[in-house]
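This briefing is for a reader new to the structure shown below.

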Amino acid sequence: MKRRNLILSAAATGLLAAPNAWAQSYPSRPIRLLVPFPAGGATDILARALSQKLGEKIGQTVVVENRPGAGGTIGSDAAAKAAPDGYTLLLATSSTHAIGPTLNPRIPYNAETDFTPISQVATSPNVVLVPLSSPAKTMREFIEHARRHPGQLNYASSGNGTIIHLSTEYFKAESGTFIVHIPYRGSALAIPDLMSGKIDLLFDSLVTGLPHVRDGKLRALGVTSLKRTALAPDLPAVAEVVPGYESTTWFGLYGPRGLPADVTTRVNQAANAALADADVKERFARLGAEPAGGTPQAFAAMVRADTAKWKKIIQDRKITLE
């Protein structure tokens with residue numbers, strides 16, 4: 001009986017030790033980092049800037065794999081359905097996990113329960129642009145101009161339900177202005193009309209918008225981060241005129257639901273170390289993004305707050321994908 005109990009005890013100890021031993025050996029093969037958008041886009045370039053240094057910090061190759069389609073839904077769903085072993089990660093955005101689920105309740109995954117949050121990676125504000133012919137030289141002047149001419153000014157977006165569309169509707173709600181929406185199939189297509197004065201306002205990404213300002217073809221009034229950003233230190237935050245206004249695109253690392261805590265911690269630590277690297281910071285800055293980092297808990301809390309904010313805007317402003 002004593003011998004049998006010893007055997008059972010040894011077996012139980014082995015079973016309990018197995019997960020820890022497995023976690024200590026992680027990662028023993030390359031890790032896939034799914035990007036739910038096409039190659040060459042902002043999320044893809046950001047992923048590639050991160051993946052090399054992340055691989056160095058975690059001790060294994062991190063391979064970026066693009067799974068584009070349906071506004072990021074296809075790649076996100078693939079990550080949600082992957083084995084929770086740490087070898088499939090997802091670089092998600094506010095579009096896939098905060099805005100999309102509210103605009104499209106039919107998406108095949110639950111953004112909050114089907115994933116394990118690991119770390120926020122970066123944030124990227126927009127820049128507020130007007131044509132050179134605009135009478136507004138500052139954000140305050142534009143708001144005053146718009147209030148004097150309700151319904152007579154217009155703004156461009158990169159399409160219904162996009163972050164640019166929502167950011168401007170949020171701005172309208174907070175500033176008490178009435179500006180007509182004109183959706184385009186991408187903000188780049190709106191730039192010529194903005195330059196010519198056919199469009200009065202555009203919230204665009206820093207990377208694509210600032211070059212036109214530096215070339216003297218457009219005027220920048222501010223940035224949509226809560227405070228001034230080192231990415232454009234000369235520009236005031238919209239919040240300096242519209243208190244509390246903030247609209248940034250965030251990027252973050254997720255694993256599938258059920259990712260072991262030890263693996264989550266390992267990836268989080270490697271991601272934070274990578275984001276602190278000077279080369280990664282420089283490459284992110286060229287993309288108009290600021291490294292974030294932090295704990296999985298802080299990342300999850302940020303996403304919940306961001307989701308609630310955009311849900312309210314979507315409902316209050318009756319925004320749809322149509």
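**Briefing on the predicted model**

Phenylalanine 171 has a relative accessibility of 0%, so it counts as buried. The model that contains it is predicted. The points below cover the aromatic pairs, the charges over rings, the nonpolar cores, the chain as a whole and a few backbone details.

**Aromatic pairs**

- The structure contains 9 aromatic pairs.
- Phenylalanine 171 belongs to helix H6 (residues 163-175) and phenylalanine 203 to strand S7 (residues 201-205), so the pair ties together parts 32 residues apart in sequence.
- Phenylalanine 203 is buried as well, because its relative accessibility is 0%.
- Tyrosine 254 and phenylalanine 299 make a tilted aromatic pair, with 5.0 Å from centre to centre and 50 degrees between the planes.
- Because tyrosine 254 lies in strand S9 (residues 248-256) and phenylalanine 299 in helix H11 (residues 296-316), their pair ties together parts that are 45 residues apart in sequence.
- Tyrosine 254 has a relative accessible area of 4% and is therefore buried; phenylalanine 299, with 1%, is buried too.
- One aromatic cluster is formed by Tyr109, Phe115, Trp250, Tyr254 and Phe299.

**Charges over rings**

- Arginine 29 is placed over the face of tyrosine 87, 3.8 Å from the ring centre.
- Lysine 309 is placed over the face of tryptophan 310, 4.8 Å from the ring centre.

**Nonpolar cores**

- The largest nonpolar core consists of 58 residues.
- Phe142, Phe171, Ile179, Leu201, Tyr254 and Trp310 have the most contacts inside this core.
- Leaving aside residues up to four places away in sequence, phenylalanine 142 touches Val130, Ala136, Leu153, Phe171, Ile179, Asp200, Leu201 and Leu221.
- A second, separate core has 31 residues, among them Tyr26, Val35, Ala47 and Leu50.

**The chain as a whole**

- The chain has 322 residues, and 50% of them count as buried.
- Its secondary structure comprises 11 helices and 10 strands.
- Along the principal axes, the C-alpha atoms fill a box of roughly 90 × 40 × 30 Å.
- Of the contacts between residues at least 6 apart in sequence, 78% join residues at least 24 apart.

**Backbone details**

- Most residues other than glycine have a negative phi, and most peptide bonds are trans.
- The peptide bond between tyrosine 26 and proline 27 is cis, with omega about -5 degrees.
- Proline 27 sits in the loop between helix H1 (2-25) and strand S1 (31-35).
- Alanine 70 is not a glycine, yet its phi is positive, at about 55 degrees.
- Alanine 70 is in the loop between strand S2 (62-66) and helix H3 (73-80), and its relative accessibility of 58% means that alanine 70 counts as exposed.
- Lysine 318, a residue other than glycine, also has a positive phi, near 55 degrees.
- Lysine 318 is in the segment after H11, and it counts as exposed because its relative accessibility is 70%.

Key. Residues numbered from 1 in each chain as written. Predicted model: local features only at pLDDT ≥ 70, side-chain atom pairs only at ≥ 80, totals over all residues. Heavy atoms only, no water. Phe/Tyr/Trp six-rings, centres within 6.5 Å; stacked < 30°, edge-to-face > 60°. Helix = DSSP H or I, 4+ residues; strand = E, 2+ residues; numbered from the N terminus. Buried < 20%, exposed > 50% of the residue type's maximum accessible area, 1.4 Å probe, protein only. Lys NZ or Arg CZ within 6 Å of the ring centre and 35° of its normal. Core = buried A, V, L, I, M, F, W, Y, C linked by side-chain atoms within 4.5 Å. Contact = heavy atoms within 4.5 Å.
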